[in-house]
Amino acid sequence: MTLHTADLLVCTTCRSAAPVNPLATPDPELRAGAELAAALLQDPPEGLRIIPVECLSNCARGCTIALRKPGAWTYVYGNLTPEVHLPDIIEGARKYRDADAGLVPWRERPEHFRKNCIARIPPLEAPNV
Ligand code: FES
């Protein structure tokens with residue numbers, strides 16, 4: 001049994017700012033967000049639950065993902081291109097999974113995460129932080 005310690009939500013309806021390579025997917029109509037979710041679901045990183053969702057309300061800056069876990073800050077990241085940023089997403093999600101309260105030191109985050117954090121939301125359990 002796999003123990004999921006963090007959720008990686010992936011917007012499947014995002015269109016990437018960068019053009020999707022039509023040769024990279026058998027379905028040229030597949031949106032970049034769906035392509036990203038499919039790639040992550042194909043080989044999910046240990047301890048991460050990949051959750052496809054429709055729209056995280058960051059449409060103008062897609063592709064968009066969010067990271068969440070109990071007792072931790074939630075982070076939303078954008079401007080992701082599946083062909084380019086898949087390694088950054090996996091690296092950043094693993095560090096988030098392993099960090100207390102989801103707080104990865106800024107310098108240890110992938111560069112794309114440092115420059116494209118759309119929002120961070122306090123833990124439900126600590127409303128006064
Ligand atoms: S379509 Fe992806 S955030 Fe809205």
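Where in the chain is C63 found? The views below take up this and other local features of a predicted model.

**View 1. A cis peptide bond lies between G62 and C63.** C63 is found in the loop between β2 and β3. The bond that joins G62 to C63 has an omega of about 0 degrees. C55 is found in the loop between β2 and β3 as well. Phi of C55 is near 70 degrees, a positive value in a residue other than glycine. Most residues other than glycine have a negative phi, and most peptide bonds are trans. C55 counts as partly exposed because 13 C-beta neighbours lie inside 10 Å.

**View 2. A101 has a positive phi.** Its phi is near 55 degrees, and the residue is not a glycine. A101 sits in the loop between α2 and α3 (111–115). There, 14 other C-beta atoms lie within 10 Å of A101, so the residue is partly exposed.

**View 3. The protein has 3 helices and 5 strands.** From the N terminus on, the order of elements is β-α-β-β-β-α-α-β. Of the 129 residues in the protein, 33% are buried. Among contacts with a separation of 6 or more, 66% come from residues 24 or more positions apart.

**View 4. 5 strands form an open sheet.** The strand order is β2-β1-β3-β4-β5, with mixed pairing. β2 and β5 (117–121) stand at the edges. Each has a single partner strand, so one side of each is left without a neighbour in the sheet. Neighbouring strands are turned by 15 degrees against each other on average, direction ignored.

**View 5. β1 pairs with β2 and with β3.** β1 and β2 run parallel and are joined by 6 bridges. Here L8 stands opposite I50 in β2, and C11 stands opposite V53 in β2. β1 and β3 run antiparallel, joined by 4 bridges. On this side V10 stands opposite I65 in β3.

View 6. Which residues of α1 are buried? They are A32, G33, A34, E35, L36, A37 and L40. These buried residues pack against β1, β2 and α2.

**View 7. The largest nonpolar core holds 26 residues.** Within it, L8, V10, L36, I65, L67 and A93 touch the most other members. Two or more residues each come from β1 (6–11), α1 (32–42), β2 (48–53), β3 (65–68), β4 (74–77) and α2 (82–98). α1 gives the most, with 5 residues.

**View 8. I65 is one of the core residues that touch the most other members.** What is I65 in contact with, leaving aside neighbours within four places in sequence? The partners are L8, L9, V10, Y77, L80 and I89. Of these, V10 is the residue that stands opposite I65 across the pairing of β1 and β3.

Key:
Residues are numbered from 1 along each chain as its sequence is written. This is a predicted model: local features need pLDDT of at least 70, side-chain atom pairs count only at pLDDT 80 or more; totals for chains, interfaces and linings use all residues. A nonpolar core is a set of buried Ala, Val, Leu, Ile, Met, Phe, Trp, Tyr and Cys residues joined through C-beta atoms within 7 Å. A residue is buried if 20 or more other C-beta atoms lie within 10 Å of its own, exposed if 12 or fewer, and partly exposed in between; C-beta atoms are placed from the backbone. Two residues are in contact if their C-beta atoms, placed from the backbone, lie within 7 Å. Two strands pair if DSSP finds at least two bridges between them. Axes are lines fitted to C-alpha atoms, for helices over the stretch in contact, and angles run from 0 to 180 degrees between N-to-C directions.
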